[in-house]
Amino acid sequence: MRLLVLGGTEFVGRAVVEEAQALGWEVTTFNRGSHEPAAGVTALRGDRTAPGGLAALEGGEWDVVVDTWSWAPSAVRDAAALLAGRAGHYVYVSSRSVYAQPVPYGADESAPVVAASADDGDGDYPSNKAGAELGAVAAFGDRALLARVGTILGPYENIGRLPWWLGRIARGGPVLAPGRRDLGLQYIDARDLAIWCLEAGRRGLGGAYNVVSPMGFVTTEELLETCVKVTGSDAELRWVEAERILAAGVEPWRDLPIWLTGEDYDFIHGGDVSKALAAGLRCRPLEETVQDTWTWLRGIGGQAPQRPDRPTLGLDPEVEARLLRQA
């Protein structure tokens with residue numbers, strides 16, 4: 001199989017490249033060259049936001065294209081239009097953020113989507129992803145697969161979710177753990193996402209799919225206890241009820257990554273993924289995701305890369321200490 005990855009050097013794109021190579025696929029990447037390409041790929045250069053920036057893609061044919069773009073939808077529109085006659089299938093890594101709020105617990109792919117256009121410039125994240133979906137479908141029709149992901153974890157993470165928890169727990173001592181401890185979580189390991197996208201693209205699947213783990217795949221307690229286990233830390237998880245944490249001004253998701261409450265929890269951790277499961281989605285055990293992320297993190301000196309367009313996550317140590325004293 002001949003694969004073109006638009007991106008291919010960071011987090012999800014890198015996982016796609018590595019999993020494709022493990023399958024023996026012939027991989028081409030297209031990006032600006034800000035990061036070193038993986039060994040063994042054909043590396044094309046270009047800035048898809050610049051006039052003439054897609055010139056390197058004007059020749060060549062591919063069986064599957066995987067696109068991870070998150071900014072101006074017009075960039076996906078233009079790339080998909082250019083490739084439609086020379087590529088078999090277009091897999092766009094989208095997001096469940098395309099759904100119009102509020103999104104009820106248990107919502108599937110039929111939930112309403114935010115208003116957007118494939119011709120839009122860079123806007124907010126939900127409209128960027130929704131507009132890009134429209135651009136992919138306009139060019140490829142039912143040959144476009146829209147992988148609507150949620151929280152993504154795993155090695156190479158450049159968002160700061162699991163790396164922050166691992167770093168904090170590795171430091172040891174009392175650790176603020178947000179209740180309820182039995183709260184179910186949904187996420188997807190970037191490698192499982194990559195494997196599913198490649199296989200679905202090879203099979204010619206089209207349309208929208210929610211691509212995260214089943215609801216309640218793990219609990220908050222299981223996630224944090226696993227972080228304690230794999231780091232070998234002496235950390236003591238001290239569970240504090242959500243109401244007290246929120247009253248202290250702590251922001252779910254940003255200050256305490258992955259943790260959410262209320263309607264935000266229903267949305268992020270309550271998606272119906274039965275369609276993707278029926279189409280072959282498989283999720284590896286939590287401990288494998290956490291262990292591999294910790295191994296990678298230690299291998300790069302303990303400091304994860306940070307996407308410049310995303311805020312730095314994590315709880316202020318002084319706020320944590322104050323809450324722990326009150327617990």
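**Cavity, pocket and a helix crossing**

In this predicted model, the largest cavity is lined by Trp-165, Pro-178, Leu-185, Thr-220, Leu-223, Leu-224, Pro-257, Ile-258 and Trp-259.

Q: What makes the space lined by these residues a cavity and not a pocket?
A: A cavity is a set of points where a 1.4 Å probe fits but cannot get out, whereas a pocket is an open set. The largest cavity has a volume of about 50 Å³. The structure holds one cavity of 30 Å³ or more.

Q: How does the lining of the largest cavity divide into nonpolar, polar and charged residues?
A: Eight are nonpolar, one is polar and none is charged. Leu, Ile, Trp and Pro count as nonpolar.

Q: Why is H6 called oblique to H10?
A: Helix H6 (residues 220-231) and helix H10 (residues 286-299) pack at about 45°, their axes 9 Å apart. That angle makes H6 oblique to H10, because under 35 degrees counts as roughly parallel and 65 to 115 as roughly perpendicular. The crossing is right-handed.

Q: What makes the contact of H6 with H10?
A: H6 brings Glu-222, Leu-223, Thr-226, Cys-227, Lys-229, Val-230 and Thr-231. H10 brings Leu-286, Glu-287, Val-290, Gln-291 and Trp-294. Six of the contact residues are nonpolar, three polar and three charged.

Q: What lines the second largest pocket?
A: Its lining has 14 residues, with Pro-163, Trp-164, Gln-303, Ala-304 and Leu-313 nearest the centre. Helix H4 (residues 162-170) gives the most, four residues. By class, six are nonpolar, six polar and two charged.

Terms used
Residues are numbered from 1 along each chain as its sequence is written. This is a predicted model: local features need pLDDT of at least 70, side-chain atom pairs count only at pLDDT 80 or more; totals for chains, interfaces and linings use all residues. Side-chain values use heavy atoms; hydrogens and water are left out. Axes are lines fitted to C-alpha atoms, for helices over the stretch in contact, and angles run from 0 to 180 degrees between N-to-C directions. Helices (H or I, at least four residues) and strands (E, at least two) are DSSP runs, numbered from the N terminus. Angles under 35 degrees count as roughly parallel, over 145 as roughly antiparallel, 65 to 115 as roughly perpendicular and the rest as oblique. A crossing is left-handed if the near helix is turned anticlockwise from the far one by less than a right angle, and right-handed if clockwise. Contact means heavy atoms within 4.5 Å. On a 1 Å grid over the protein atoms alone, a cavity is a set of points where a 1.4 Å probe fits but cannot get out, and a pocket is an open set with protein on both sides within 12 Å along at least five of seven lines; lining residues have an atom within 4 Å of a point. Grid points are joined across faces, edges and corners, and a volume is the space filled by probe spheres set on the points.
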